[in-house]
Each structure stands twice: as structure tokens, then as C-alpha cells.
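Subject: Structure handover

Hello,

Here is the structure for you to look over. My notes on what turned up follow below it.

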Amino acid sequence: MVGKILIALVVVVAAFAIAVATRPAEFHIERSITAGTPPASVFAQVNDLHAWAAWSPWEKLDPKMEKTHGGPPAGPGATYAWKSESGKVGQGRMTIEKSEAPVLVVVNLEFIKPFAATNTVTFRLEDATAGTKVTWAMDGRNGFMGKVFALLMNMDKTVGGDFERGLVGLKSVAEAAPRPDAAVEGGTASQ
């Protein structure tokens, strides 16, 4: 009897391991929104990691999380690290790797806790008839534990939902912010 239970247990574990192993290693999650403002206004919010506090969906999950910024104020080399004791947002670090005003920002995203992972986050900004089409994407590679997580949870739906909330916040902040070109014109006109 015990032998049959052990054999059944081994078969279940082996079947689960095979199911995990056959999951795709690479993933891509992407969402878009159109903001009623020029690309430069959206770019200013994405290219400055300090500005993310106003629209990032994860900032609101733990208002007490420890945050540090490093490098230049914006653009390539700017960093943002976070550590949450509540366990809601874990611990990690972002570094802007590439910035092409006003159309592209590429971020290296490193998760430290609750699991280690490194992903690439891309913001593409395109002129649209109603303003700017903003596309937020994340690409990465799952190890075994990432594949287990992806097998048990729909990552596109979960992270995609966070992206959707973040894009709504980004749209709102970018549309409410003074336009970079208007600020320059206003400063010139008042002198």
C-alpha cells in the first residue's frame, strides 16, 4: 500500500515537473493607451524615475516602502531601488539603460525579492491623432520557479492589469502636467 502511494506521488511530481519544463521560457507582456498630450509630456514622466511615484501602480501598494534614487536625475544611468517590508512589492532596482527623447525609454528591471529575476521594460511613444500612443512592455526569461509561477497564475492578466492601471495614471499625470514646449515658450514670452 505504501509502495503504491509512493509510486503515485512520484508520478504526480514527475508529471508536474514535465508540465513546468514544457512551459515557454521567454515572455512578453504589453499594454497601450493614448494620452491626449504630445510625446514630450509623456516622455518627461517616464524618463524621470522620480516622477513614477505619481503614476506607478506599485507605489500605492506600500506607501511606507524604502526608496532610493541614484545616478543622474533622468535618462540613462538613473536608478531607483525599492524595498518593501510588507511583502507587497518585494525588493528590486530599476536602471534606465536607453533614452531617446521623446519616443523611447528602456529600463533594466531587477527583482531581488521575493524571487530573483531580470527583465527589460520598454516604453514606446508614438504620435497619434489624439495625442500620444504609449506602449508599456516587459520582456524576460523564466527560470524553473518563474515557470511554476506562470503555470499557476496568468502572468499576462496579472502584470497586464498592473500595466493598465499604471497607464491610466501615467495618462492622467502627463495630461495634467505643463507641456515641456509650453513651459519654454512661456518663459521666453515673459522675459
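Start with Met-94. Beyond its neighbours within four places in sequence, Met-94 is in contact with Leu-49, Trp-52, Ala-78, Thr-79 and Tyr-80, and also with Trp-82, Val-107, Asn-108 and Leu-109. Keep in mind that this is a predicted model.

Met-94 also belongs to the largest nonpolar core, which has 31 residues. Along with Val-42, Val-46, Phe-123, Val-134 and Met-138, Met-94 touches the most other members of that core. Which elements give two or more residues to it? Two are helices named α2 (39-47) and α4 (155-176). The others are β1 (26-35), β3 (79-83), β4 (91-100), β5 (104-113), β6 (117-128) and β7 (131-141). Helix α4 gives the largest share, 5 residues. As background, nonpolar side chains in soluble globular proteins tend to be buried together.

Next, the aromatics. The count comes to 11 aromatic pairs. Take Trp-52 with Phe-123: the ring centres are 5.5 Å apart and the planes stand at 80°, so this pair is edge-to-face. The cut-off for that label is over 60 degrees. Trp-52 sits in the loop between α2 and β2 (66-70), and Phe-123 sits in strand β6. That is a link between distant parts of the chain, 71 residues apart. Both Trp-52 and Phe-123 are buried.

Phe-123 has another partner, Trp-136. Is this pair stacked or edge-to-face? It is stacked, with 5.1 Å from centre to centre and 25° between the planes. Phe-123 is in strand β6 and Trp-136 in strand β7, so the pair ties together parts 13 residues apart in sequence. Why does Phe-123 count as buried? Its relative accessibility is 1%, and the limit for buried is under 20%. Trp-136 is buried too, with a relative accessible area of 1%.

One aromatic cluster takes in Trp-52, Trp-55, Trp-58, Phe-123, Trp-136 and Phe-163.

Is Ser-172 buried or partly exposed? Ser-172 is partly exposed, because its relative accessible area is 45%, between the 20% and 50% limits. Its C-alpha atom is separated by 19 Å from that of Leu-104, which is 68 residues away along the chain.

Best wishes

Note on methods. Residues are numbered from 1 along each chain as its sequence is written. This is a predicted model: local features need pLDDT of at least 70, side-chain atom pairs count only at pLDDT 80 or more; totals for chains, interfaces and linings use all residues. Side-chain values use heavy atoms; hydrogens and water are left out. A nonpolar core is a set of buried Ala, Val, Leu, Ile, Met, Phe, Trp, Tyr and Cys residues joined through side-chain atoms within 4.5 Å. Buried means under 20% relative accessible area, exposed over 50%, partly exposed in between (1.4 Å probe, protein chains only). Helices (H or I, at least four residues) and strands (E, at least two) are DSSP runs, numbered from the N terminus. Contact means heavy atoms within 4.5 Å. Rings of Phe, Tyr and Trp (its six-membered ring) pair if their centres lie within 6.5 Å; planes under 30 degrees apart count as stacked, over 60 as edge-to-face and the rest as tilted.
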